[in-house]
Amino acid sequence: MPSITNLRREFSENGFCMTEELLSAAEVAAYLETYDKFLDGTISCGAKRSDLGAGEARKGTVENITQIMWPSALLPVLRAAPFHQRALRLVRDLLGEDMDLDFDMLINKAPHSDTPTPWHQDCAYWIDLPDKRAASIWMALDEATLDNGCMWYAPGSHLQPVRPHRSAGKGGGALSCDGDESEAVAVPLKPGSAAIHGGGTLHYSRGNKTAGHRRAFILNFRPAAMIRLEREQGMDHGLTDNTRKVRSAAAK
C-alpha cells in the first residue's frame with residue numbers, strides 16, 4: 001500500500017489515488033459470495049435496487065448496470081467487516097478523523113451489457129454543503145479492465161468549477177456532463193484493490209464487453225457534521241423513502 005503521505009498528495013493534486021490489496025484474495029472470495037446473494041435475490045433489496053443503464057436494449061430481467069443502495073442496511077454485518085473498517089481508517093488518515101460513512105452501494109456491470117456509465121461528478125447529485133470534503137472508495141471485486149468497465153478519472157478536474165450536468169436520458173435517474181477519455185486516465189484494478197476519488201472529480205467507465213461480471217463495492221465518506229446536516233435536510237441517499245425529494249448516490 002502506498003504511504004499515506006503519497007496518497008494525500010495524489011488525492012489533493014489529481015482528485016484521485018489508488019491503493020492495492022486492501023482485501024486479501026480470501027476476503028475477496030467471501031465478499032463475492034455475499035455480493036452474488038444480492039444479485040440473485042437471495043438477499044431482497046426492494047426499492048434499493050435499480051438499473052443505472054435503464055433504457056438501453058437488454059433482453060431478460062437482468063439490469064445493464066445494477067445499483068444496490070445501502071447493502072450495509074440490508075445486511076448490517078457488513079459494517080463490521082474488513083472493507084468498511086479498513087476504508088474508514090484509510091479515509092480518516094487521508095482527510096481527517098471526523099470522516100464517517102455517508103452511504104454505501106454495490107454496482108455491477110452484467111456480462112456483455114456494454115453500457116457505459118456517463119461522465120459525471122458525484123457532487124452534482126448532492127446538496128450543497130459548507131465542508132466539501134468527500135471520498136468515494138471504489139473497490140474492485142473482479143479484475144477491472146478496459147474491456148469490462150474500469151474507472152477513468154480526469155486529473156485536476158476537482159480543482160475546476162463543477163461542469164453543467166443533465167439527465168443521462170436513460171430513464172434511470174443518472175446524470176451526465178461533457179467529458180472525454182482524452183482528458184482522463186484509465187485505472188485498471190486487481191480484485192481487492194481500490195480507487196479513491198473526491199466529489200468533484202470527473203469520471204466515467206466504459207461498458208462491459210466481456211463474458212464476466214464487473215462487480216464493485218463503493219463506500220462514500222464525508223465529515224460527520226456534514227452527514228448530520230444532510231440528514232436534517234432530508235438527504236440519506238435512499239436509506240428511507242426520500243428518492244422523490246433528492247437524487248440518490250452518483251453512478252460509478
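Two strands are said to pair if DSSP finds at least two bridges between them, and the strands themselves (E, at least two residues), like the helices (H or I, at least four), are DSSP runs numbered from the N terminus. The structure described here is a predicted model, in which local features need pLDDT of at least 70 and side-chain atom pairs count only at pLDDT 80 or more, while totals for chains, interfaces and linings use all residues. Residues are numbered from 1 along each chain as its sequence is written, and side-chain values use heavy atoms, with hydrogens and water left out.

## The sheet

Seven strands form an open sheet with antiparallel pairing, and their order is E1-E11-E6-E13-E4-E3-E2. At the edges stand strand E1 (16–19) and strand E2 (49–51), each of which pairs on one side only. From one strand to the next the twist averages 20°, where axes are lines fitted to C-alpha atoms (for helices over the stretch in contact) and angles run from 0 to 180 degrees between N-to-C directions.

Strands E4 and E13 run antiparallel and are joined by 10 bridges; within this pairing, Asp104 has Leu219 in E13 as its bridge partner. Five bridges join E3 to E4, again antiparallel, and here Thr66 has Asn108 in E4 as its bridge partner. E2 and E3, also antiparallel, are joined by three bridges, and Ser50 stands opposite Gln67 in E3.

How many of the residues of E3 are buried? Five of its five residues are buried, a word that stands for under 20% relative accessible area, whereas exposed means over 50% and partly exposed lies in between (1.4 Å probe, protein chains only). In a regular strand the side chains alternate between the two faces of the sheet. In E3, Ile65, Gln67 and Met69 lie on one side and Thr66 and Ile68 on the other, and both faces are covered.

## Helices on the sheet

Helix H2 (residues 25–39) lies across E2, strand E3 (65–69), E4 and E13, and runs at about 95° to E13. Helix H5 packs on the sheet too, touching E4 and E13, and its direction makes about 95° with that of E13; contact means heavy atoms within 4.5 Å.

## Salt bridges

A salt bridge is a side-chain nitrogen of Lys or Arg within 4 Å of a carboxyl oxygen of Asp or Glu, and a search of the whole structure finds 19 of them. Three are listed here.

| Pair | N to O distance |
|---|---|
| Arg89 and Asp93 | 3.0 Å |
| Asp102 and Arg231 | 3.1 Å |
| Asp142 and Arg215 | 2.7 Å |

Arg89 and Asp93 both belong to helix H4 (residues 82–95), where they are four residues apart, about one turn of the helix. Arg89 counts as partly exposed at 36% relative accessibility, and Asp93 is partly exposed as well, with a relative accessible area of 32%.

Which parts of the chain does the salt bridge of Asp102 with Arg231 tie together? Asp102 lies in strand E4 (residues 99–109) and Arg231 in helix H5 (residues 224–232), so the pair ties together parts that are 129 residues apart in sequence. Asp102 is buried, with a relative accessible area of 1%, whereas Arg231 counts as partly exposed at 30%. Both residues belong to a network of salt bridges that links Asp102, Arg222, Glu230 and Arg231.

The salt bridge of Asp142 with Arg215 links distant parts of the chain, 73 residues apart: Asp142 is in the loop between strand E6 (135–140) and strand E7 (151–153), and Arg215 is in strand E13 (residues 214–223). Asp142 counts as buried at 12% relative accessibility, and Arg215 counts as buried at 13%.
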